[in-house]
Amino acid sequence: GIDISGNIDTKGDLTINNTGQKGLTISGNVNHDGNSSVQNGYLKNSKNNTAGLNITGTFNTTGDANFVNTADGVDGMNISGNITTGGTATYNNAGAGGLNVINNGKVSAKDVYMTNSGAKGVNIDSAARVNGSNNISIDNNSNGGVNVKGIVKANNNINVKSVNGNVVLGDNTDNNNYLDAGKDVNITVNNGSILNYGVEKTLIKAGGNLNMDVTDGTIGTAVQQNGVEAGRTGIGPKDQGSRDFTKSINANVKGKVKATTNKVNKPDDLVINYAAIDSNMNIDHIKADGRVILTVDDDFGNNNNGPRYNMINASTDKSKANIEGTGISLIANGNIGSKGNKVTFNQTDGKNYSMDVLANEDINLKALDDKYTVNNVSTMISREGDINVEFSGNTHIQNITAEGDITAITRGTSLVVDNLGHIKDNSVTPSDYFGERPDGWVADGGYDKDDHKHEVLPNNVT
């Protein structure tokens, strides 16, 4: 093996190759003016196992740098030191131990490319940092997946791809914004899921757009409020399970959001559970082969007195609904859509799943595709504003109320409403996700009978 424990100062092209069984360790300081190539193991798997490629010291190069740990390097590529590259830095690991930025390891470059096929995946420890002044790409093909506990930050785009393994974001330190991009964040997973580590934090921050595309997996994990019927999520109090931000993918995105889960080989309900935190949710297209659970809030549901944010129709293809799923659950601490730009939806299995919708302010929704002939709504509440909703098929609404006006129409042949104004739903009585609803009598002095005068009740219904 090779152990570089001293100092190297050099110019030109730097090549370090090891095929010895003890692996390659750089524990000293390398300062290089030019391009660098560091390789551990034979390029073609010789089955002559070596230890891994370990960088515990400092490696600085002004040009491009290429770090390779072949399948021979069974202990993987492990970076606990500091690597700074003036150009493009490429990290390619095939060793079973995975590609790991561990302890206080730091990787910095103009562009960072990480590729792994080692069994243990790509792992960024809590104190580790990966920085790109341009773009960062992480590409994994192993069951170990991509596990980001530290911070991956790029001035432009972050691209994460995983095949046969999950992408898991979060940790138990004070870290936030684990994927932090000045422009877009793009995550693609095949035969795996995008998951929250289990923390109530903002996991993704994007100055541009967020694109998530999952085949045979989920985006977040499903939730269901205690006591609600099968096929429904619930919009009641957070402590009853209607929302759990340790299970949703929580993001602050300035641009548009596109998210899909596609079922090819998995029979499961491939849920999308996504939350916009302290930001609007500009929805391009969110489509699940399962339920869609969306939340817009400023503080993870802890109070209802902060800034208000909205769900907005930001479609780039008007032939596609903003939201599509077997069942749909929407909560926004501001508005859902606007009168001139309704949020569009397709409820793809109204026979077995339901919709529930809650907003502090206005709700403006429109079903897009007439091929979905059954709409089923458990409860829809606008605490302070109006409801203007249009359905595509035969529609059953169990409960609907608003402090302002209600317009509910269908392009189907029937519209059945069980409870209009005074709702009969224990899961949101007396409190919904935002707490106790405002006093309707104080708000507008409308209905004055003692039985329901203090409830949120509509002024006009069409």
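Me: Which residues does Y91 touch, not counting residues up to four places away in sequence?

Reply: This is a predicted model. In it, Y91 touches F67, M77, I79, I83, L99, V107, V112, Y113, M114 and T115.

Me: How should I read such a cluster?

Reply: In soluble globular proteins, nonpolar side chains tend to be buried together. Here the largest nonpolar core has 93 residues, and Y91, Y274 and L365 touch the most other members. Strand β31 (residues 281-288) gives the most to this core, with 4 residues. A second, separate core has 12 residues, including F300, I331, L358 and Y433.

Me: Now charges. How many salt bridges does a search of the whole structure find?

Reply: The search finds 15. One of them pairs D356 with R232, at 3.1 Å from N to O. D356 sits in strand β37 (residues 355-359), while R232 lies in the loop between β27 and β28, 124 residues apart.

Me: Are D356 and R232 buried or exposed?

Reply: Both D356 and R232 are buried.

Me: Which residues form salt bridges with R308?

Reply: E361 does, with the closest N and O atoms 3.2 Å apart. E384 does too, at 2.8 Å. R308 lies in the loop between β32 and β33 and E384 in the loop between β39 and β40, so this pair ties together parts 76 residues apart in sequence.

Me: Why does R308 count as partly exposed?

Reply: R308 has 31% relative accessibility, so it counts as partly exposed. E361, at 25%, is also partly exposed. So is E384, at 40%.

Me: Which residues do shared partners join into one network?

Reply: Salt bridges that share partners join E229, R232, D356 and D425.

Technical notes. Residues are numbered from 1 along each chain as its sequence is written. This is a predicted model: local features need pLDDT of at least 70, side-chain atom pairs count only at pLDDT 80 or more; totals for chains, interfaces and linings use all residues. Side-chain values use heavy atoms; hydrogens and water are left out. A nonpolar core is a set of buried Ala, Val, Leu, Ile, Met, Phe, Trp, Tyr and Cys residues joined through side-chain atoms within 4.5 Å. Buried means under 20% relative accessible area, exposed over 50%, partly exposed in between (1.4 Å probe, protein chains only). Helices (H or I, at least four residues) and strands (E, at least two) are DSSP runs, numbered from the N terminus. Contact means heavy atoms within 4.5 Å. A salt bridge is a side-chain nitrogen of Lys or Arg within 4 Å of a carboxyl oxygen of Asp or Glu.
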